[in-house]
Amino acid sequence: MINSKNDVQLSRRGLIKTLGLGISLTALPSFMYSAMTDVPQAALDHGERIIPVKEKELHEMQKFIEDCVAANKESDPQEAVKAVLARGVHEHKAMLKAIGEPREAGLKVFLRSRELTIFAATWTPQMNLMPHNHRMWANIGIYTGREDNILWQRKTDGLEAHDVRCLFAGDVATLNTNAIHSVTNPLQRFTGGLHIYGGDFFATERSQWDPETLEEEPSNGDVIRDIFKKANDQMRRTKGE
């Protein structure tokens with residue numbers, strides 16, 4: 001239980017560090033204070049590589065985040081948030097400018113609360129991510145590049161691919177609570193998408209499936225972190241760095 005002003009500020013500093021935001025408390029929009037919740041930093045151990053968000057980027061994204069928070073209170077929150085996202089990525093060049101050009105694989109987290117998580121996910125050229133679930137609804141809007149999704153469904157003997165969605169800059173896709181998908185960036189350049197989830201993405205236990213055997217296992221932070229690391233290492237080798 002938080003009992004003092006100092007305790008509140010310490011808690012918020014911890015949350016900012018957890019979110020990967022390299023900014024001061026005064027730079028955070030006031031609405032984000034009430035939205036944040038005390039979630040242990042260990043809850044981030046799902047393998048996502050967090051890229052710090054610059055103060056300028058957070059400031060330029062503030063209106064978009066506020067609109068998403070408001071939309072999430074509607075009677076059909078996923079559809080309402082999708083409409084906000086669709087407007088945002090429709091002007092995908094402006095959204096790219098606000099978020100910044102992708103330079104490595106990882107996540108830029110703009111908001112994390114019990115009700116809503118918003119981050120930009122960036123994939124290096126030809127990067128792949130194994131089948132995985134979220135256990136909450138998700139909206140994905142592409143602001144640069146292309147993201148190919150294979151949608152999977154459970155069968156008595158495992159998973160079976162049943163649909164494909166190719167998302168280009170300006171496109172938006174919805175995933176329901178039970179959705180399982182794998183992701184590929186087929187391009188020779190970066191892909192960036194805004195991902196919005198109807199809950200605390202980082203504090204939710206999830207599953208992943210081996211890309212070859214399709215055997216289900218708990219979402220493993222080490223495995224996913226290794227995927228991000230190898231993708232970034234491969235990109236640097238290609239550039240001769």
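Residues are numbered from 1 along each chain as its sequence is written, and side-chain values use heavy atoms, with hydrogens and water left out. Because the model is predicted, local features need pLDDT of at least 70, side-chain atom pairs count only at pLDDT 80 or more, and totals for chains, interfaces and linings use all residues.

## Overall fold

The chain has six helices and 11 strands. Helices (H or I, at least four residues) and strands (E, at least two) are DSSP runs, numbered from the N terminus. Of the 241 residues in the chain, 50% are buried. Buried means under 20% relative accessible area, exposed over 50%, and partly exposed in between (1.4 Å probe, protein chains only). Contacts mean heavy atoms within 4.5 Å. Among contacts between residues at least 6 apart in sequence, 76% join residues at least 24 apart.

Helix α4 covers residues 77–90. Its 14 residues should span 20 Å at 1.5 Å a residue, and the end C-alpha atoms are 20 Å apart, which agrees. The expected span is 1.5 Å times one less than the number of residues.

Which residues of α4 are buried? They are Q78, A80, V81, V84, L85, G88 and V89. Seen down the axis of α4, they fall within an arc of 165°, so they line one face of the helix. The arc is that of the directions from the helix axis to the C-beta atoms. The face turned away from the buried side carries the exposed residues R87 and H90. The buried residues of α4 pack against α3 (55–71), α5 (92–99), β4 (138–144), β7 (172–175) and β9.

Helix α5 buries M95, L96, A98 and I99. Down the axis of α5, these residues fall within an arc of 160°, so they too line one face of their helix. Exposed K93, A94 and K97 sit on the face of α5 turned away from its buried side. The cover over the buried residues of α5 includes α3, α4, β1 (106–112), β2, β4 and β9. G100 follows α5, and its phi is positive, near 105°.

## Pockets and cavity

Both kinds of space come from a 1 Å grid over the protein atoms alone. A cavity is a set of points where a 1.4 Å probe fits but cannot get out. A pocket is an open set with protein on both sides within 12 Å along at least five of seven lines. Lining residues have an atom within 4 Å of a point. Grid points are joined across faces, edges and corners, and a volume is the space filled by probe spheres set on the points.

| Space | Volume | Lining residues |
|---|---|---|
| Largest pocket | about 390 Å³ | 18 residues |
| Second largest pocket | about 250 Å³ | 13 residues |
| Largest cavity | about 200 Å³ | 19 residues |

In the largest pocket, T124, P125, Q126, M127 and Q234 lie nearest the centre. β3 (128–133) and α6 (221–239) each supply at least two lining residues. α6 gives the most, with seven residues. The lining divides into nine nonpolar, six polar and three charged residues. Here Ala, Val, Leu, Ile, Met, Phe, Trp, Tyr, Cys and Pro count as nonpolar, Asp, Glu, Lys and Arg as charged, and the others, Gly among them, as polar.

In the second largest pocket, I51, E57, E101, R103 and K108 lie nearest the centre. Its lining has five nonpolar, two polar and six charged residues.

How many cavities of 30 Å³ or more does a search of the whole structure find? It finds one. E48, W123, L129, H132 and F201 are the lining residues closest to the centre of the largest cavity. β2 (117–123), β3, β8 (180–184), β9 (191–197) and α6 each supply at least two of the lining residues. By class, the cavity lining has 10 nonpolar, seven polar and two charged residues.

Most residues other than glycine have a negative phi. Q126 has a positive phi, near 60°. Q126 lies in the loop between β2 and β3, and at 45% relative accessibility it counts as partly exposed. Q126 is also one of the residues nearest the centre of the largest pocket.

L214 likewise has a positive phi, near 60°. L214 is in the loop between β10 (207–209) and β11 (216–218). At 22% relative accessibility, L214 counts as partly exposed.
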